[in-house]
Amino acid sequence: MSIDVTTIRKDFPVLQRQINGKPLVYLDSANTSQKPNAVIEAMAAFMRTGYAPINRSSYQLAAEADTLYEGARQLVAKFINAPKASEIIFTKNATEALNLVIMSWGRANLRRGDVVLLTHMEHHANIVPWHMLVAERGIELRWVPLTADGQLDMSDLDTLLQDTKVFSFTAMSNVLGAISPVATLCAAAHKAGAIAIIDACQSVPHQATDVQAWGADFVAFSSHKMCGPSGLGMLWGREKLLEAMPPFLGGGNMISDVRLDGFTTACLPAKFEAGTPPIAEVVGLGAAVEYLQKIGMNNVRQHEIDLSSYVLNLLNSRFGDDITIHGPTNTEHRGATFSFAFRGIHPHDLSQVLDQQNVCVRAGHHCAKPLMRIIGANATVRASFYLYSTQSDADALADALDSASDIF
Amino acid sequence: MAGLEDLYREIILDHYRTPRNRGELDPPAAHADGHNPLCGDEIRVFVIVEDGIVTDVRFNGSGCSISQSSASMMTTAVKGKPIADVRKVVRRFKHMMTLSDETDTTPVDESLNLGDLEALQGVVKFPVRIKCATLGWNTLIDALDSITQP
């Protein structure tokens, strides 16, 4: 067994909750993950006995807070095998991290007519800021299409990459669960003279990450999807690229000097961390990283591969043609995130029925409207599993789906 | 927790399976578009006004059972009524959905009989679905406003 999920579940207090006498079946981890006691206690203890400003004050309490804060940064750097902790920027979420690199690197390096390559499976956070740059400075967007089973269609990649400045793509689709061959794609981007910006929100929490082995230039991910608190995101970037970029937000902490006639920036990472950061949240993220490291990300991945096999087998054999599960069928090529159509029932109605059984899923466009149009749906139901999810959760999902036919 | 039988009453499912007044109207009919970003529902409401009367109304689009059945019931409730009465019904319906429009200080006529629409009362026990129920109605108002306030 890859992980002892029974023991792990005891670490997550919310999973002990019952609603109307029925256990909670939380299948929305792709949206946001639940928090283990280690994270809750780390934040509570910090706020109870150690809360202080960071980077600003010189008293004992503040020095301790600095150590915890920068300690968390070191832990994150090690977690993704970043060369230096100073290459990790804390933001308020991954969306802000993507906006930071797109706007800051983009405005300094992209001119009218420059081409940026995206994919059809991107999240809005990796589409909308690019559209804003199209409007602002006339860049052009190209798109990598998808294969029939929801993976990136690489057959024309070299042509699409010609003359591009940026190739930005998701490491794992939040809708299809499809895993991208990140290292291959980064190498292809560099061969074409482009930088590679990765949206790793769905992959960092679910498998081992090595940004150096990837050969990426920028990687965005979020705390709240990896058992850490919300209100915190991360951007890793190559030191040389970050140093050459203009600042994103202006204010305190990111400056070296401010005069009446101008300012100079601080060095990394402070240059991109304006204002008071989410201090307690960073402390919580440090605890989350330690929690996941102890379990082992390869073990988490194996657990989800096993669970994916179970889920696909269960839903397909039980429902046959009544269910259409989008994304790859090969569990090596996908994470444990399943978007599907079921018996022609509208996703919102379906999720309502599932809610009656305490099965928590997401219904909607999952912030991927272009992808929705391509797969031919306005919305889908999405069930997403994580390290605390079980086969019983999958069984409960299947039973709840069946009950929808009582009404529809 | 409220049971689903409060939400999915027979008449609602009837209007969902057999929507009334589904379709389009050609110009000079006015139309407006609405969507519910939470669940991806999209609706287009067409309306023809002649001598201050809503002589025809249709709706098109895709959505959940609540949004579609509510839109269907809406069309039967407002067809043939003068604009002022239509707006009264809309206010009354939104009041039933426990929504208040701070910009509209006209009192709600609580004596107004909503007929079949009463079936949607269960929606308020499921607050997330209120936006589904009111989608068609808000879009109807937009369509009417586009005629009366060009």
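**Ground rules.** I am working with a predicted model, where local features need pLDDT of at least 70, side-chain atom pairs count only at pLDDT 80 or more, and totals for chains, interfaces and linings use all residues. Residues are numbered from 1 along each chain as its sequence is written, while chains are lettered from A and ligands numbered from 1 in the order in which they are written.

**Chain B, overall.** I looked up the secondary structure and got 5 helices and 3 strands; helices (H or I, at least four residues) and strands (E, at least two) are DSSP runs, numbered from the N terminus. Along the sequence I read α-α-β-β-β-α-α-α. The radius of gyration is 14 Å, close to the 15 Å from the globule rule for 150 residues, so chain B is as compact as a globular protein of that length. That radius is taken over C-alpha atoms, and the rule is 2.2 Å times the number of residues to the power 0.38. Along the principal axes, the C-alpha atoms of chain B fill a box of roughly 45 × 35 × 25 Å.

I then checked contacts (C-beta atoms, placed from the backbone, within 7 Å). Among those in chain B between residues at least 6 apart in sequence, 68% join residues at least 24 apart.

**Burial and α3(B).** I count a residue as buried if 20 or more other C-beta atoms, placed from the backbone, lie within 10 Å of its own. By that count 39% of the 150 residues of chain B are buried. Helix α3(B), residues 65–78, is mostly covered, with 13 of its 14 residues buried. From first C-alpha to last, α3(B) reaches 20 Å, close to the 20 Å expected at 1.5 Å times one less than its number of residues. Just after α3(B), I noted Gly80(B) with a positive phi of about 90 degrees.

**B against A.** How many residues does each chain give to the contact? I get 12 from chain B and 15 from chain A. The chain B side has 7 nonpolar, 4 polar and 1 charged residues. Here Ala, Val, Leu, Ile, Met, Phe, Trp, Tyr, Cys and Pro are nonpolar, Asp, Glu, Lys and Arg charged, and the others, Gly among them, polar.

**Domains of chain A.** Chain A splits into domain 1 (5–31 + 296–406) and domain 2 (41–294), with bounds from an automatic or database domain assignment. Over C-alpha atoms, 28 Å separate their centres. I find 24 residues of domain 1 in contact with 22 of domain 2. On the domain 1 side, α11(A) gives the largest share, 5 residues.

Technical notes. Buried ≥ 20, exposed ≤ 12 C-beta atoms within 10 Å, placed from the backbone. Contact = placed C-beta atoms within 7 Å.
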